[in-house]
Amino acid sequence: MQETNLFAIYTNILAQNNIDYFITGSIASIVYGDPRMTHDIDLIISLNEYEINKFISAFKLEEFYCPPREVILEEIKQKSKGHFNLIHHETGFRADIYLIGDDKFQHWAMQNKVEVEFLGGFIYVAPIEYIIIKKMEFYKEGKSQKHLIDIKGILENSKSQINFSFLNNKIKKFELNEIWTLIDKM
């Protein structure tokens, strides 16, 4: 399988099964910013307990590692930070699946996801402001420079797409002013 099809392994199945999703993390940073290596895809999905069987059927066990129904149900019940992995057997390419839960910012991102042409197909990507905020939060948690570098690349390549009024409001709300200042000095 060609590397350019790795993302579509997951996004095509989600789209074909009418499962709402958007891509976040490194792939979204690449779409809006600079290319870099990544070994997985981060997906936010909207899934409730009545859709679990449909989800598991979509990711056939012969092709994918998918957790059992009970595990997915427990993650859905968390209401925030629910998470599990899918792994494509043939390639070993992993999808980190994050459940939308009750997170208002993630619901906003799902409602405002952006359809983009990417690697010969179409994918849904989180809004640019969401990516910047989440990268800042991840930097705040672990101090990994890659998040600041990703944001800098987004600012250099896609600045015209950013709603700075909305972004500045979220930076203030989530108390990320200090990190925003760091990025500005880079």
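**Entry: ground rules**

I am working with a predicted model, in which local features need pLDDT of at least 70, side-chain atom pairs count only at pLDDT 80 or more, and totals for chains, interfaces and linings use all residues. I number residues from 1 along each chain as its sequence is written, and side-chain values use heavy atoms, with hydrogens and water left out.

**Entry: the largest pocket**

I looked up the volume of the largest pocket and found about 670 Å³. A pocket here is found on a 1 Å grid over the protein atoms alone, as an open set of points where a 1.4 Å probe fits, with protein on both sides within 12 Å along at least five of seven lines. The volume is the space filled by probe spheres set on the points, and grid points are joined across faces, edges and corners.

Next I checked the lining, meaning residues with an atom within 4 Å of a point. I found 29 lining residues. Ile 44, Tyr 98, Gln 106, Lys 134 and Phe 138 lie nearest the centre of the pocket.

Which element gives the largest share of the lining? It is α6, with six residues. Elements that each supply at least two lining residues include β2 (40–45), β5 (94–99), α5 (104–111) and α6 (128–142). I read helices as DSSP runs of H or I with at least four residues, and strands as runs of E with at least two, numbered from the N terminus.

I sorted the lining by type: nine residues are nonpolar, nine polar and eleven charged. Charged means Asp, Glu, Lys and Arg; nonpolar means Ala, Val, Leu, Ile, Met, Phe, Trp, Tyr, Cys and Pro; the others, Gly among them, are polar.

**Entry: helix α5**

I then listed the buried residues of α5: Phe 105, Gln 106, Ala 109 and Met 110. Seen down the helix axis, these buried residues fall within an arc of 140 degrees, so they line one face of α5. The arc is taken from the directions from the helix axis to the C-beta atoms. Lys 104 and Gln 111 are exposed, on the face turned away from the buried side. My cut-offs are under 20% relative accessible area for buried, over 50% for exposed, and partly exposed in between (1.4 Å probe, protein chains only).

What do the buried residues of α5 pack against? I found β1 (21–24), β2, β5, α6 and α8 (164–173).

At the start of α5, a side-chain oxygen of Asp 103 comes to within 2.9 Å of the backbone nitrogen of Phe 105.

**Entry: Asp 96**

I found Asp 96 in strand β5. Asp 96 is buried, at 7% relative accessible area. Its side chain makes a polar contact of 2.8 Å with that of Arg 94. A polar contact is a pair of N or O atoms within 3.5 Å; within protein, one must be able to donate a hydrogen and the other to accept it, and residues adjacent in sequence count only if both atoms are side-chain atoms.

**Entry: Gly 82**

Gly 82 sits in the loop between α4 (69–77) and β4 (83–88). I noted 3% relative accessibility, so Gly 82 counts as buried. Its C-alpha atom is 5.8 Å from that of Tyr 98, 16 residues apart along the chain.

I found phi near 55 degrees for Asn 18. Asn 18 is exposed, at 67% relative accessibility. Lys 79 has phi near 70 degrees. Lys 79 counts as partly exposed, at 45%.

Methods. Contact means heavy atoms within 4.5 Å.
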